[in-house]
Amino acid sequence: MKLNFLTVVAMATSATAHSTWQQLWVNGVDQAGTCVRTPLSNSPVGTLDASVRCGTGSAVAATCSVPAGGTVTIEMHAQPNDRSCTNDAIGGNHDGPVIAYLSKVGDATTDPGTSWFKIHQTGLVSADYWGTDVINANCGKQDVLIPADIAPGDYLLRAEVIALHVAGSSGGAQHYVSCMQLKVTGGGSANPSGVAFPGGYSLTDPGILFNLYGSYTTYTVPGPAVYTGGASSGSGTTVAAGTTTRASSTTAAAATSAAAGGTLAKYAQCGGNGWTGTGTCVTGSTCTVTNEYYSQCL
């Protein structure tokens, strides 16, 4: 088989740029990895693998408490405990969407999660700028707003990157998945319906079978629509180049600002096209422009 240069580069980098979701923040407070089912390695899993549900990690003893309507920040890095902002969270041209789901469970420290509803997605933000580029610019972090109307109780938060560099062939999409164990307090009575994993995606979904090196102006994030009940995040599934799906980051930053009396936490979004939040960066950080769509407190 004749390989073009980009395919060779993708194959060469695929073994050296793997990553895992390793840490969690709750309303700006670092929980480190206390409630994260950290995968056994930084290697990806396949679309139809059983481990696409929560990765290869095991349940842990701790849960992280978060109020409904609060903000959690999921954090990805390539190597265990390497939280350096000078290194890409996921590099090697592993471009693709960043997605988050919730599953209500009886006991987050033991249950596997069976029904998952989507609460965040960042797909193709602009030409050749993806959700993975957003987290690389944000030291591996992505804000996710917990819907304000969901019922209290134990949940699993499923954090996912789908790397598309070899997704032009069936089965080539690479999933980087971890689950975080949460206890949601307050809230309402909503119990959104969801999808199963595996089963939530198929090998022929347009967001799974996708030629990253072809010509495109839109990308369809796979899976169900983002849950929009209560104070939820995100938008639809199709993203046109030149637009942004960072509604959840935007809303989360605004919520953080309101809760803190106009002060934005370090690493929060503080500007960019489409951002509607307010506030100033906490003392010791400055609102820094990453690109026209995203500025953050650094």
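Author: Buried means under 20% relative accessible area, exposed means over 50%, and partly exposed lies in between, with a 1.4 Å probe and protein chains only. By that cut-off Phe 210 is buried, at 9% relative accessibility.

The model is predicted, so local features need pLDDT of at least 70, side-chain atom pairs count only at pLDDT 80 or more, and totals for chains, interfaces and linings use all residues. Residues are numbered from 1 along each chain as its sequence is written, and side-chain values use heavy atoms, without hydrogens and water.

Now the pairs. Rings of Phe, Tyr and Trp (its six-membered ring) pair if their centres lie within 6.5 Å. Planes under 30 degrees apart are stacked, over 60 edge-to-face, and the rest tilted. The whole structure has eight aromatic pairs.

One of them joins Phe 197 and Tyr 201. Their ring centres are 5.0 Å apart and their planes stand at 70 degrees, so this pair is edge-to-face. Phe 197 is buried, at 5% relative accessibility. Tyr 201 is buried too, at 3%.

Phe 210 pairs with Tyr 219. Here the centres lie 5.1 Å apart and the planes are at 85 degrees, so the pair counts as edge-to-face. Tyr 219 is buried, with a relative accessible area of 1%. Phe 210 and Tyr 219 also belong to one aromatic cluster with Trp 130 and Tyr 216.

Back to Phe 197, for a charge. The charged end of Arg 158 sits over its ring, 3.8 Å from the centre. That label needs NZ of Lys or CZ of Arg within 6 Å of the ring centre and within 35 degrees of the ring normal.
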